[in-house]
Amino acid sequence: MTIKAIIVMLVCVIPIWGGLIGCIVKLQKMKRSGDED
Amino acid sequence: MEDNTQKKLGFSSPLAMAIAMIAGSVGTGNIWRFPRVAAVNGGGAFVIAYILIMALAIIPLMMGEHVIGRSTRKGLPGAFRDFIGTKKGTWFGSFVWWIVTITISYYTVVLAWVCYYFVMALTNGYAGVDKAALFATVCEKNVAMVIVFILLQAFSAWGAYKGISFIEKANKVFLPVLFLSVIIIAVRTVTLPGSAEGLNYLFDFELHDFLSSKVWLEALTQCLWSAGPGWGICIAYAVYSKRKADISLATTIQGLGDMSVALLAGIAIIPALFAFMPTQEALDMCASGNNGLAFIALTGVFEQMPGGRIMAMLFFTSLMMAGISSVIAMYSIVYQPFADAKVSKKKTFVIMLVATVLIGTPSAWSNTFFNNQDFVVGMGMVIGAVFSCYALYRFGVEKVRTKLLNNPYSGMTMGKWWNFAITVLAPLLAVAMFIWWCILSVGWNPDWWNPFGVYSLGTLILQLGGVGLVLYLFNNRIADSAGEKLFDGESFPPVPDNGFSK
């Protein structure tokens, strides 16, 4: 695998998978207010 | 007492809603379309274009659709009527509702094929068989496939009939199994000798590809057909979201979840192809279409791969999980207008099941009919995305953003750029994509005007225009059936008890 392809893969994968996990953690932290309606 | 009843309505938590939205968005397109289209359209350039379009136009549009659903608490026709604020607006929702009905009808045929191939993988039934000839017998005039198709329709219709609590429970199984299956395949394929070339094709970046309009249009097509703006999933599930649940964060999770599965599938599938095929043959297979990749090329690859039978079973399991969760979500969408019209649940279930089986059986029987429906529905979804932009524009994007989207319970507030995304970027991209596909369809067919051509412009005009006209003629009746308006223009009404919300 070329260095360029590895960099592009990391640039694409890290923000998406990291963002997904980060957003889920944030949503869980806000759960208390969301549960009450 | 009333408070306790209200608490039981809708999704049990914001995360449960986000999971349901990911499950609804992630379909077979993430697994069998994204990898092959990325590989033949510039790899890394395509993937970056795809991520940018998702972030700047598609996810913002899905947030807007979420606002429409939660504000109006109605099925698609009523949602557009109440959000646009005039009876004439009902037509837009009716049109999208029809597109979803057609989608359920033909799309479930794919799941019948997936079931068949899962059994074949289990029994090693396709070993040594001509894969193309085998697929031809599966997708053409196969009575067994029609029966499996009907059973899958019945299961999906029943799942949505059971309501939101069932959907939540089912997705707790579907989504982890889907992720796990694709992760296991990815780990297996990237450790194959020769897989690095596949990863190079998937992620290598060339500036001339990034500047190519075709790459951007292909990326846009993938975003619109895969993530789910324009076919009502966000509007329909938002009807069941609690008033205080965060919109922007949940929708961002939906979009990121959709992209995560697509990238994982790319890493799982493309290296496998390149490990077992010469480069040109692998690229030809990617260009041969979804069915060619999944049922002809990959079955051959799995046959050669050590541990390939297990990988094949996992692959078809992932396709099934992705597909069935989307079909259940779509049934949920098409049930809602009946609930608004106070039609009983049982009657709704029977009407929609009979309708989808009748409309879908020709696609289960003939691959030509299937391809035609796939083409027409894809274009219908693009029109649906434009309708959502229009509804948000008519209501006032600044009002949507400041009063409804950025509410006190938002974990992620949207800046003024969101207005630009909804009023300029998303509609412009959708219109560009529609025109591009129309031009392509004229190029493919010397008789592009033929209303009975598989991919002709004539068939688009006949089917989409015909349905649009009929729905326009019945617009007032449909508008009246959607019940009283719940939205006051300022705040979210509570989750309605419409029979499907528990």
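In the predicted model described here, B:Met63, B:Gly64, B:Val67 and B:Ser71 of α4(B) meet B:Val400, B:Leu404 and B:Leu405 of α20(B), where contact requires C-beta atoms, placed from the backbone, to lie within 7 Å. Helices are DSSP runs (H or I, at least four residues) numbered from the N terminus. Residues are numbered from 1 along each chain as its sequence is written, and chains are lettered from A in the order in which they are written. Because the model is predicted, local features need pLDDT of at least 70 and side-chain atom pairs count only at pLDDT 80 or more, while totals for chains, interfaces and linings use all residues.

Helix α20 of chain B spans residues 397-405, and α4(B) packs against α20(B) at about 65 degrees with the axes 11 Å apart; axes are lines fitted to C-alpha atoms over the stretch in contact, and angles run from 0 to 180 degrees between N-to-C directions. This contact comprises five nonpolar, two polar and no charged residues. Here Ala, Val, Leu, Ile, Met, Phe, Trp, Tyr, Cys and Pro count as nonpolar, Asp, Glu, Lys and Arg as charged, and the others, Gly among them, as polar.

B:Leu217, B:Leu220, B:Thr221 and B:Leu224 of α12(B) make the contact with B:Leu429, B:Ala430, B:Met433 and B:Trp436 of α21(B). Seven of these residues are nonpolar, one is polar and none is charged.

Turning to the interior, helix α5(B) (residues 76-84) is mostly covered, with nine of its nine residues buried, that is, with 20 or more other C-beta atoms within 10 Å of their own. Elements covering the buried residues include α4, α6, α13, α17, α19 and α23 of chain B. Just after α5(B), B:Gly85 adopts a positive phi of about 90 degrees.

Finally, 33 residues of chain B contact 24 residues of chain A. On the chain B side, α14(B) provides the largest share, nine residues.

Technical notes:
Two residues are in contact if their C-beta atoms, placed from the backbone, lie within 7 Å. Helices (H or I, at least four residues) and strands (E, at least two) are DSSP runs, numbered from the N terminus. A residue is buried if 20 or more other C-beta atoms lie within 10 Å of its own, exposed if 12 or fewer, and partly exposed in between; C-beta atoms are placed from the backbone.
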